[in-house]
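Open the structure in your viewer and keep the selection tool at hand. Each stop below gives you something to select and says what is there.

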Amino acid sequence: MVSIGTPLLWSLFALFVAVALAVDFFALNRQGAHKVSMREAAIWTVIWVAVSFVFVAFLWWELGGTGDDAGARALANDKALEFITGYLVEKALAVDNIFVFLMLFTYFAVPAEFQKRVLMIGILGALLLRAILILIGAWMIAKFHWILYVFGAFLVFTGVKMWWAAGQEPDLEDNPALQWIKRRMRIAPDYDGEKFFTQIDGARIATPLLVVVLLIGIVDVIFAVDSIPAIFAITVDPFVVLTSNVFAILGLRAMYFLLASVHERFHLLPYGLAIVLVLIGTKMLLIDVYKIPVAWSLAATVLVLAVTMLLSVYVPPKDGGQPRGAYPFSRRKQRPEQREQ
């Protein structure tokens, strides 16, 4: 499979990610447990978005975007556009992750000052998982072209399912993943700072914080299965796929704290995400019939998300502002009389 990823570009990218994570961990340890303010979250969100666009600008320049070679300029423009489109799609899909994180933190009453560390661990797991799945996906596409049709059909199915799930009330009480965890470990009734294990009556048992981390890991796995095919619908270049994914994930923690307090304003966004997935899946299904330009995919994604966010401001939620999303492991909450039947 042809890729623009030279040894130099891969090395620089790996070095940047390592430095970014080191800085993030250093800041986390230095600040200690504290509640992230709206201002702090906004600043870090702007920083991560700016860094992402600095990277794509460097990539565009490195590929010859400013040179005299027309072929190199065209390649640079195409790859930059693919990165921006993939980054925007992954960033948009990450919003649904945020809705699920919010649901988990609310259900387990996780203190605000402990949420930073949980999200940081979740981001590390997501980065590792995405890298593995992207490499597997790239290998499968290189060996089996027909797998693109499978990915496309899966995205259309996921989009339809997300549209249906967006109007349902999440319920963690009967969640299979949570019940599985409860059956296999003893869980303390209270938190013990940021510890994952505590001592009760001489026994070492898990704290609720560990359960939250495990559930976030499950969320990462499920959402990765949705988002990886989505980015391959934009480009099959492993370097562009991985870098756009990683940059979208690196800013996820800051974006969570930025959107957590205003999530009810964007209650229609899951419907927009569902439409985006269907459009991207359709693009992949038509790849051998008509190759839809990346610029059209970018325009459609921006338009759909902008419209749903605008409508969210003017159309009040029917449920009083509860967070909505395509909760991947939750069931529709039933009334007591329904459960008895």
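Start by selecting Phe13 and Phe247, which are both buried. This is a predicted model, and every value in the tour is computed from it.

**Stop 1: two partners of Phe13**

Keep Phe13 selected and look at how much of it is covered. Its relative accessibility is 6%, so Phe13 counts as buried. With Phe247 it forms a tilted aromatic pair, with 6.1 Å from centre to centre and 45° between the planes. Phe13 belongs to helix H1 and Phe247 to helix H8, and the two residues are 234 places apart in the chain.

Now widen the view. How many aromatic pairs does a search of the whole structure find? The search finds 19. Another of these joins Phe13 to Phe239: the ring centres are 6.2 Å apart and the planes stand at 70°, so this pair is edge-to-face. Phe13 sits in H1 (residues 7-31) and Phe239 in H8 (residues 238-250), so the pair ties together parts of the chain that are 226 residues apart in sequence. Phe239 has a relative accessible area of 0% and is buried.

One aromatic cluster is formed by Trp10, Phe13, Phe16, Phe53, Phe55, Phe83, Tyr87, Phe239 and Phe247.

**Stop 2: the nonpolar core**

Which residues touch the most other members of the largest nonpolar core? They are Phe13, Phe101, Phe105, Phe108, Leu215, Phe232 and Tyr256, in a core of 91 residues. Helix H3 gives the largest share of this core, with 17 residues.

Select Phe105 and show what surrounds it. Apart from residues up to four places away in sequence, Phe105 touches Val110, Gln115, Val118, Leu119, Val212, Ile216 and Tyr256.

**Stop 3: helix H9**

From Phe105, move on to its contact Tyr256, then select the whole of helix H9, residues 252-259. Of its 8 residues, 7 are buried, so the helix is largely enclosed by the rest of the structure. The buried ones are Leu252, Arg253, Ala254, Met255, Tyr256, Phe257 and Leu259.

**Stop 4: Glu90 in helix H3**

Select helix H3, residues 70-107, and find Glu90 within it. Is Glu90 buried or exposed? Its relative accessible area is 4%, so Glu90 is buried. Setting aside residues up to four places away in sequence, its contacts are Arg130, Ser227, Ala230, Ile231, Asn245 and Ala248.

**Stop 5: Thr301 in helix H11**

Go to helix H11, residues 294-314, and select Thr301. Thr301 has a relative accessibility of 4% and therefore counts as buried. Leaving out neighbours within four places in sequence, Thr301 is in contact with Leu88, Val89 and Val276. Draw a distance from the C-alpha atom of Thr301 to that of Leu88: the separation is 8.0 Å, although the two residues are 213 residues apart along the chain.

**Stop 6**

Finish with a surface view. Select Trp139, Phe144, Trp146, Tyr149, Val150, Leu285, Leu286, Val289, Tyr290 and Trp296, which make a nonpolar surface patch of about 1000 Å². One of them, Tyr149, is in helix H5, residues 147-165. Tyr149 has a relative accessibility of 31%, so it counts as partly exposed.

Note on methods:
Residues are numbered from 1 along each chain as its sequence is written. This is a predicted model: local features need pLDDT of at least 70, side-chain atom pairs count only at pLDDT 80 or more; totals for chains, interfaces and linings use all residues. Side-chain values use heavy atoms; hydrogens and water are left out. Patches are made of residues with over 30% relative accessible area and no salt bridge: like charges are joined within 9 Å, nonpolar side chains (Val, Leu, Ile, Met, Phe, Trp, Tyr) within 5 Å. Accessible areas come from the Shrake-Rupley method with a 1.4 Å probe; for residues, only the protein chains shown count as cover. A salt bridge is a side-chain nitrogen of Lys or Arg within 4 Å of a carboxyl oxygen of Asp or Glu. Helices (H or I, at least four residues) and strands (E, at least two) are DSSP runs, numbered from the N terminus. Buried means under 20% relative accessible area, exposed over 50%, partly exposed in between (1.4 Å probe, protein chains only). Contact means heavy atoms within 4.5 Å. A nonpolar core is a set of buried Ala, Val, Leu, Ile, Met, Phe, Trp, Tyr and Cys residues joined through side-chain atoms within 4.5 Å. Rings of Phe, Tyr and Trp (its six-membered ring) pair if their centres lie within 6.5 Å; planes under 30 degrees apart count as stacked, over 60 as edge-to-face and the rest as tilted.
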